[in-house]
Amino acid sequence: MPELVAGLIDVFADEPLTGNPLAVIQAADELSEEQMRRLAGEFNQAETTFILESTRADRRLRSFTASGVEIFGAGHNALGAWLWLGEHGDLGPLTSPQTFHQEIGTDILPIELERIGSRVHGRMRQAPLRLLEPLGNVDPLAKALGLDPREILTEPRPRPAYTGAAHLLVRVLNPETVDKANPAARELLDVLGAAEAEGCYIYAFDANRPQTAYARFFNPTVGLWEDAATGTAAGPLAAYLASEGLIANNELAIEQGTRMGRRSILRVRVSLEPELSGTGIVVLRGLLRL
């Protein structure tokens, strides 16, 4: 009967029970893919990450939603796994910045970790920004989100963006409009399918406050209705706004999850590729027996 170390870490959190919870299972190399899917359902979190050995990097990560869909890209699923390892001393003292490499799907991506005071801080690079075709008619999108078409802004235009996963980025009138959105799953799935996007990131951005944005994320494509903190959407958003010359100093802090009662702050710095940073708080650690 295998016995594995597992638990929960709140990612992008300043205190327990905020941020986005991630289930983590260490040394999961002997688990089959079917066992991983079933365990993700057992934990019933937005995502569960399995930490594996790698011949190409320092660690290999595989992540699944509660419905058993494997996801890719370097978001809270990856950052949380590395913060978990760092908080438990598995990566050394981290008294100075240390760079590690992670294998996620076909990508090898770097992450920098450092202990500052009592917390481990992570900074993680994503793949370069790739923009897909913008939406033409926003009426079906507005209907899918339960909004008036006039509440969807077209500067910059709604379009899918990719830094590891393709998500539809949609700027709306203001934070109140973000919170008012009430998507219909079937209609949103149709819009996302036509746009070749996985999830939908709706956001409010004030040009007079170019350091911040306010967002919500919906991903019925993988059975994830709403997510509290989505690094694979925050990175593309910051990179897209930077490519339009809209953000200050190529840095953006995105507030997400507030409508869910899980306020999260995702910090992104854009150079050649988006760099996502944050901390996490381990709230549960134990042994998993199968």
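**Exercise 1. Check the length of helix α2 in this predicted model.**

Solution. 
- Step 1: Helix α2 covers residues 76–87, which makes twelve residues.
- Step 2: The expected span is 1.5 Å times one less than the number of residues. For α2 this should come to 16 Å.
- Step 3: The end C-alpha atoms of α2 lie 16 Å apart, which agrees.

**Exercise 2. How many of the twelve residues of α2 are buried?**

Solution. 
- Step 1: Buried means under 20% relative accessible area.
- Step 2: The buried residues of α2 are His76, Asn77, Ala78, Leu79, Gly80, Ala81, Trp82, Leu83, Trp84, Leu85 and Gly86.
- Step 3: That is eleven of the twelve, so α2 is largely enclosed by the rest of the structure.
- Step 4: Look just after α2. There Gly89 takes a positive phi of about 80°.

**Exercise 3. Repeat both checks for helix α6 (residues 231–243).**

Solution. 
- Step 1: At 1.5 Å a residue, the 13 residues of α6 should span 18 Å.
- Step 2: The end C-alpha atoms of α6 are 18 Å apart, so the two values agree.
- Step 3: Buried residues of α6 include Gly231, Pro236, Leu237 and Tyr240.
- Step 4: Twelve of the 13 residues are buried, so α6 is largely enclosed by the rest of the structure.
- Step 5: Just after α6, Gly245 has a positive phi of about 70°.

**Exercise 4. Which residues make the nonpolar surface patch of about 270 Å²?**

Solution. 
- Step 1: Leu17, Val283 and Leu284 make the patch.
- Step 2: Classify Leu284. Its relative accessibility is 45%, so Leu284 counts as partly exposed.

Technical notes
Residues numbered from 1 in each chain as written. Predicted model: local features only at pLDDT ≥ 70, side-chain atom pairs only at ≥ 80, totals over all residues. Heavy atoms only, no water. Patch = residues over 30% accessible without salt bridge, like charges linked within 9 Å, V, L, I, M, F, W, Y side chains within 5 Å. Areas by Shrake-Rupley, 256 points an atom, 1.4 Å probe, with all protein chains shown as cover. Salt bridge = Lys/Arg side-chain N within 4 Å of Asp/Glu carboxyl O. Buried < 20%, exposed > 50% of the residue type's maximum accessible area, 1.4 Å probe, protein only. Helix = DSSP H or I, 4+ residues; strand = E, 2+ residues; numbered from the N terminus.
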